[in-house]
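This report walks through one structure, part by part. Please keep the sequence and the 3D view at hand while reading.

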Amino acid sequence: MTTTEPTDEVATLCEKLTREEKLRLVQGSPDPEGTATGYIPGIERLEIPPVRLVDGPMGVRAGGFEEGLPATAFPASIALAATFDPNLARRQGVAMGREAKARGQDVVLGPGVNLIRVPHCGRNFEYFSEDPTLASALSAGVVEGLQEEDVVATVKHYVANNQETDRVTVSAEVDERTLRELYLPAFRAAVEAGAGSVMTAYNRINGTYANDHRYLVREVLKDEWGFDGYVVSDWFATKDTVGAANGGLDLEMPGGSVADAFSFDAPDEAGGKDEDHPADGPPADADFDLESVATGGMPGPDQGGVFGEPLAEALESGDVSPDRLDDMVARILGQLERIGLLEGVEATIERDDRGGALDTPEHRDLAERIATRGTVLLKNDDVLPLSDDDRVALVGPNVDAATVGGGGSSAVTPFREVSPLEGLRDRAGEVSVARGVPEIESMSFEDLLPFGDDSDADQDADDAPEPTVEDAVATAAAADVAVVFVRDATTEARDRESLRLPGEQDALVDAVADAAERTVVVVNSSGPVELPWREDVDAIVEAWYPGQADGDAIASVLYGDVDPAGRLPVTFAPEDEYPITDERRYPGVDDEAHYEEGLFVGYRHFDDTDGEPTYPFGHGLSYAAFEYGESEVESTSGTGATLRVPLENVADRAGREVVQVYVRPPDADGPERPVRELAGFASVELEAGETRTVDVELEERAFARYDEADGWTVDPGEYVLEVGRSSRDIRSTATLER
Ligand code: BGC
């Protein structure tokens, strides 16, 4: 299966293509229209149209960095994961597919499915979870949705790209079982859901760059999983022509080397180049050292540009076989055929007819729905929901801006956005406002570049009156309830230095909590943060990066118009209690990050050490209250199981519960296994007083461990199925024999 079986049409096209044309199809080049993140020039004489690849995964980022062409800005992927609802993921995929088509794009560079191993990772907001079962379900959902719309989904970044520090050089030193059980499943799920493309990571895995990783790319992904789409490099990640071609890479992006990109002229109007993207070069008068661009996780000047002429030479010398080139081309054309791009000039030129749509009421509603459904109520001492006549003090340095996303390639420019201030004013009527401490600046790629321009930020700082904690305290004391918004600031290519909130925000919460009658804290973060004041406040809401609907979504949760239905897809714990505190593990020494914790990542670690997380995996409160009955198992060996869980909403209001099922393996001699692992889940809405039996499907793989000699292995014995509200709040159990 390393080689695909092309369809007749693709095979016929391949026969007609010259070698030079084939070489053009497997390497990107600049998009003449300037809208795409990556571009494959077409072959006009054979009616193969140009192909446009555009960034995701939280919306469509056509037209460049920072101020791209507008699109619906969905919440952070970690918020989507907090919904525990693959159907919402599928719907987001559909919406992004439609928006991509409306922008003339054919491929979306998402979903991002790397497992959250390091709580500091600067891209956690783009990823789903510390748990492979949850990440797999969401990954499959987004892929299905995108591909339903005849857009190619690109699952990224294959694999073990779990930190941004040194991401372009570090080697993830990870054993086979850990790879199989933790880091690979979300990619396999995407492939099983039909993903047309897989993007390789910047980093190395056990010493070999992902791009050149013959074992992981050819043997595992293509041969074993039967992946018949194409493998694309991350941008400027390639280093070695023969290594990448023979390793299984099918498409190099964006085309030339970093050095080539930086020698481009300054952008001009017609050229459509993006002034902010490193790929498109610095301003013409910039004075900087190319080497320094490589810091902070950016690829160095020697990277990229290994296909094209060097690939032609490798074919000439016999280092790469013509069959390999044919296979690359067949894989790419196979996807173009699947999405209807090989149906002739008429069909492909008329791209407006492909059913695309931007910023529709459905897309706006969906962005808000995912934001509310992904909001996690961490703590509530009878203060939420707020009542309509509460006098609210709104406090926080960034209350007048929506937290649309983090920095880097995922940054979407929304058509519209609602700040917390606008959302709460709209819902609550009069609110008093105090910022308390200086604004927390968002981070972007630009901050990491030597020619980054931060004059705007300086300008803002000069104009704005300096906020004071005293003012915030006085405002909070005069109200019935203080709602304090705090946030972190993260970007691709840089990890967070600490899990503490940046700036003076912790001190602000302390001061307000002392003065206010009741205090609610809303956290906008990319992943886990430390909440040192949590005992002193009455409620804590984790709202992640909520995207364009920020203010509307949080207002409807705070006032109880919707039930906060999110559950934590990551464990919240003090920084020094995660398993990656040793620098050998993270960020690594001598460019090697040793995954010595093995399977014991996230809640698997805290269960193993009997540690007390601040808030455990799966945790999240509801405004309703649920009672669980005795679960029953229906099971056929070899084909998984269904757990039938009786659930009652005993509250006098509707609410949403996420029923979680964890599996505990039998006591058996043999390799160590985690105490419990998420096996399945279901998110269900129940009216006040409603009783329902919820079916949770468990795949047979949920019981298996990976054995290096025998592959996936289900040990015989008794498995305990724990049913509950979180990994630490088990309400009933059932057993299952294997
Ligand atoms: C990121 C990818 C992204 C690509 C194109 C890289 O920096 O790692 O996720 O798709 O750029 O913008």
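## Terms and basis

A polar contact is a pair of N or O atoms within 3.5 Å; within protein, one of the two must be able to donate a hydrogen and the other to accept it, and residues adjacent in sequence count only if both atoms are side-chain atoms. The model is predicted, with local features needing pLDDT of at least 70 and side-chain atom pairs counting only at pLDDT 80 or more, while totals for chains, interfaces and linings use all residues. Residues are numbered from 1 along each chain as its sequence is written, and side-chain values use heavy atoms, with hydrogens and water left out.

## Around the ligand

H157 places a polar side-chain atom 2.7 Å from an oxygen atom of the ligand. For D234, a polar side-chain atom lies 2.6 Å from a ligand oxygen atom, and for E492 the distance from a polar side-chain atom to an oxygen atom of the ligand is 2.6 Å. Taken alone, the ligand exposes 310 Å², and the protein buries 97% of that, with accessible areas from the Shrake-Rupley method with a 1.4 Å probe and, for residues, only the protein chains shown counting as cover.

## An open sheet

Helices (H or I, at least four residues) and strands (E, at least two) are DSSP runs, numbered from the N terminus, and two strands pair if DSSP finds at least two bridges between them. Four strands form an open sheet with mixed pairing, in the order β8-β7-β5-β16. Because β8 (208–209) and β16 (592–594) stand at the edges, each with a single partner strand, one side of each is left without a neighbour in the sheet.

Within this sheet, β5 (residues 171–173) and β7 (residues 204–205) pair in the parallel sense over two bridges, and A172 stands opposite I205 in β7.

## A buried residue in a loop

V412 is found in the loop between β11 (392–395) and α15 (420–428). This residue is buried, with a relative accessible area of 11%, where buried means under 20%, exposed over 50% and partly exposed in between (1.4 Å probe, protein chains only).
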